[in-house]
Amino acid sequence: MRKHYLFILLCVFTLLTNCTGGEDPVIVSQNSGPAVAKTGKLTGKVMSQNGTKPIGGASVFTFDDKYKIYYTTSDADGNFTLEAPAGDHTIHIQTGNGSNFRTEISATVKDKETVSLEANQTKLNQVAKIAYVKGSFDKIEDIIQTLGYTATQITNSDLANLTTISQYDIIFLNCGSRNHYANQSIFPAIDANLATFVANGGSIYASDWDVAYLVGGTDYTSSCSPAGGFVPDTKLCSVNQGNAGIVPAVVSNAGLSAALGFSSFNIDFDLVAWQKITNYDPNYWEVLVKDTSNNALMIRTNHFTTTGVPATPIGNAPTSTFVTVCITLPGNTQISISVPQVLVPYLVALGATVGPCTGASNSGYIYYTSFHNHASGNIGNAGVILQYVILNL
């Protein structure tokens with residue numbers, strides 16, 4: 001019995017000291033932690049499509065092989081640094097939710113190295129189809145063109161034709177265009193078509209007097225309940241009672257302020273009168289710019305909903321392979337981005353949701369500014385702000 005006991009001890013000792021069948025034992029330090037992931041950095045400068053203007057506030061991101069997102073934004077000068085896992089990646093550059101302006105490039109991230117992307121790689125491309133209606137006081141098309149993007153001129157008669165406007169993703173309504181060579185009998189058709197356009201994902205921008213497209217009126221509005229329009233009067237009231245002169249303004253949206261690189265500026269209202277926002281629904285509209293008395297000067301919404309409008313494919317949506325999703329970043333920050341459709345199931349499995357983070361899931365954006373870029377030149381820093389509007393619709 002004692003021999004058996006000694007034999008068992010000998011076997012246990014042998015297993016503990018040499019469990020590999022005669023080879024030296026493998027020793028693992030108790031101080032060793034988990035393997036450190038290999039990461040590197042990509043740097044670059046987001047520029048407009050023609051390479052002349054830096055783009056601030058652009059989303060720059062990629063995913064690892066487990067669909068975890070690595071995300072940053074460009075500063076006011078367009079510069080960014082993205083940290084990501086080592087290896088080959090598709091880098092996405094987008095503004096807004098990525099449905100209208102985006103670029104995808106291939107890049108290799110090197111472990112513990114910083115790789116600079118070339119300027120021709122990081123230009124922000126236009127994927128949207130853009131239209132504008134000529135106005136009496138605005139020329140937003142000039143700003144679009146200075147960025148290297150293209151827009152097609154359409155008329156009020158075109159706005160009255162749903163088939164025509166459904167070709168576009170974005171429509172810009174220049175101040176004074178509501179009554180610019182317009183037959184007023186077509187306004188009800190225009191109002192109905194714009195409602196259908198936005199409800200199905202199209203975005204519009206209107207400035208100053210062209211609030212009439214939103215809430216009614218034939219040129220400018222002088223009351224809180226004008227006839228026509230497609231935005232309920234309870235959501236917005238703008239009256240043509242603003243006085244000419246310099247108005248100190250504050251950028252009240254943090255994302256816009258970071259993209260611009262400033263938070264206060266002056267607006268030169270150089271015309272006799274302008275549309276002053278006297279009332280708005282704060283649950284419906286987000287204020288981006290206000291004056292120092294807390295009056296809204298620039299607002300936007302993607303909460304538009306209505307009933308009875310037809311489901312109509314808008315712009316490039318029928319042929320797009322990209323889908324807008326909402327992703328929550330560390331710190332509970334939510335971002336709306338557009339990703340290839342093939343990635344959607346994997347991102348949803350990690351907690352993403354389909355559609356934008358806020359607003360109605362099918363609604364496009366409506367931007368309204370009481371200021372504009374004057375036909376004879378930009379007023380104050382409005383031109384820089386309107387660049388942001390163009391790229392974030």
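**Stop one: a pocket**

Select β3 (69–73) and β16 (322–329): each supplies at least two residues of the lining of the second largest pocket. Strands here are DSSP runs (E, at least two residues) and helices are too (H or I, at least four), numbered from the N terminus. This is a predicted model, where local features need pLDDT of at least 70, side-chain atom pairs count only at pLDDT 80 or more, and totals for chains, interfaces and linings use all residues. Residues are numbered from 1 along each chain as its sequence is written, and side-chain values use heavy atoms, leaving out hydrogens and water.

Now show Lys68, Ile69, Ile327, Thr328 and Leu329, which lie nearest the pocket's centre among its 14 lining residues.

**Stop two: helix α5**

Next, select residues 187–199. The end C-alpha atoms of α5 are 18 Å apart, which agrees with the 18 Å that its 13 residues should span at 1.5 Å a residue (1.5 Å times one less than the number of residues). How many of them are buried? The count is 10 of the 13, so α5 is largely enclosed by the rest of the structure (buried means under 20% relative accessible area, with a 1.4 Å probe and protein chains only). Among them are Phe187, Ile190, Leu194 and Phe197. Then step just past α5 to Gly201, with its positive phi of about 110°.

Colour by pLDDT (the predictor's confidence in each residue, from 0 to 100). The chain averages 90, but residues 1–32 stay under 50. Where pLDDT is low, the predicted coordinates should not be read in detail.

Key. Buried < 20%, exposed > 50% of the residue type's maximum accessible area, 1.4 Å probe, protein only. Contact = heavy atoms within 4.5 Å. 1 Å grid on protein atoms, 1.4 Å probe; cavity = no way out; pocket = protein on both sides within 12 Å on 5 of 7 lines; lining within 4 Å.
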